[in-house]
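Visitor: Please show me the structure. I would like to ask about it step by step.

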Amino acid sequence: TMTPETRKKLEKSKGSQNHWEQWGQLTGTLIIDGEREYEMNLRGMRDRSVGRRKWAELIGYCLHFGHLQNGSVFHVAVVSTSNNFQRIVSGYVIKPNGVCEQVTSCTFDLTAFSHRK
């Protein structure tokens with residue numbers, strides 16, 4: 001859950017950028033030289049950001065996207081900015097039945113990978 005302080009900081013940053021993600025699947029047959037056939041089942045994600053990004057405020061971030069064998073997909077992000085957030089975790093898991101669950105915690109430590117120690 002989000003603390004009132006974090007919610008206030010998030011509200012302050014609204015309007016600077018909109019972002020969305022769309023998962024998809026492409027299936028078909030790849031035919032090479034009219035002879036060799038390969039059945040394809042490709043999964044992926046595209047994202048789109050619209051608006052102004054404030055790169056100077058960004059201290060660091062780590063994003064993980066994944067597609068699991070059971071059909072679940074996930075996104076986990078850890079972000080740190082100089083003005084609004086020291087560390088914010090966000091993300092989701094979408095199960096094969098379409099149920100979406102929020103990621104509420106992550107133990108990834110950005111400082112272990114930061115050039116600004």
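The questions below go from the whole chain to single residues.

Guide: This is a predicted model, in which local features need pLDDT of at least 70 and side-chain atom pairs count only at pLDDT 80 or more, while totals for chains, interfaces and linings use all residues. Residues are numbered from 1 along each chain as its sequence is written, and side-chain values use heavy atoms, with hydrogens and water left out.

Visitor: Which element of the chain has the lowest confidence?
Guide: Confidence here is pLDDT, the predictor's own score for each residue, from 0 to 100. The chain has a mean of 80, and 80% of its residues reach 70 or more. Strand E6 (residues 100–102) has the highest mean, 92. Where pLDDT is low, the predicted coordinates should not be read in detail. The lowest mean, 68, belongs to helix H1 (residues 4–13).

Visitor: What pattern does the chain follow along the sequence?
Guide: Helices (H or I, at least four residues) and strands (E, at least two) are DSSP runs, numbered from the N terminus. The chain has one helix and six strands. Read in sequence order, the pattern is α-β-β-β-β-β-β.

Visitor: What share of the residues in the chain counts as buried?
Guide: Buried means under 20% relative accessible area, exposed over 50%, and partly exposed in between (1.4 Å probe, protein chains only). The chain has 117 residues. The buried share is 19%.

Visitor: How many of the residues of E4 are buried?
Guide: Strand E4 spans residues 73–81. The strand is mostly covered. Of its nine residues, the buried ones number seven.

Visitor: How many bridges join E4 to strand E5?
Guide: Two strands pair if DSSP finds at least two bridges between them. On one side of the account, E3 and E4 pair in the antiparallel sense over nine bridges. E4 and E5 (residues 88–94) also run antiparallel. The number of bridges joining E4 to E5 is seven.

Visitor: Which residue in the turn of the E3 and E4 hairpin has a positive phi?
Guide: The hairpin has five residues between its strands. Leu63 has Ala77 of E4 as its bridge partner, and Leu58 stands opposite Thr81 in E4. In the turn, phi is about 100° at Gly71.

Visitor: Is His75 buried or exposed?
Guide: His75 sits in strand E4 and stands opposite Tyr92 in E5. Contact means heavy atoms within 4.5 Å. Leaving aside neighbours within four places in sequence, the contacts of His75 include Glu21, Leu63, Phe65, Tyr92 and Val103. Its relative accessibility is 8%, so His75 counts as buried.

Visitor: How far is Tyr61 from Ala77 in space, C-alpha to C-alpha?
Guide: Tyr61 belongs to strand E3 (residues 58–67) and is partly exposed, at 45% relative accessible area. Beyond residues up to four places away in sequence, Tyr61 touches Trp55, Val78, Val79 and Leu110. Tyr61 and Ala77 are 16 residues apart in sequence. Their C-alpha distance is 7.1 Å.

Visitor: What separation do the C-alpha atoms of Arg48 and Trp20 have?
Guide: Arg48 is placed in strand E2. Arg48 is partly exposed, with 46% relative accessible area. Along the chain, Arg48 and Trp20 are 28 residues apart.

Visitor: Which elements give two or more residues to the nonpolar patch?
Guide: Like charges are joined within 9 Å, and nonpolar side chains (Val, Leu, Ile, Met, Phe, Trp, Tyr) within 5 Å. Leu26, Leu30, Ile32, Tyr38, Met40 and Leu42 make a nonpolar surface patch of about 490 Å². The elements giving two or more residues are strand E1 (17–32) and strand E2 (36–51).

Visitor: What is the phi of Asp33?
Guide: Asp33 lies in the loop between E1 and E2. At 72% relative accessibility, Asp33 counts as exposed. Most residues other than glycine have a negative phi, and most peptide bonds are trans. Asp33 has a positive phi, near 55°.

Notes
Patches are made of residues with over 30% relative accessible area and no salt bridge: like charges are joined within 9 Å, nonpolar side chains (Val, Leu, Ile, Met, Phe, Trp, Tyr) within 5 Å. Accessible areas come from the Shrake-Rupley method with a 1.4 Å probe; for residues, only the protein chains shown count as cover. A salt bridge is a side-chain nitrogen of Lys or Arg within 4 Å of a carboxyl oxygen of Asp or Glu.
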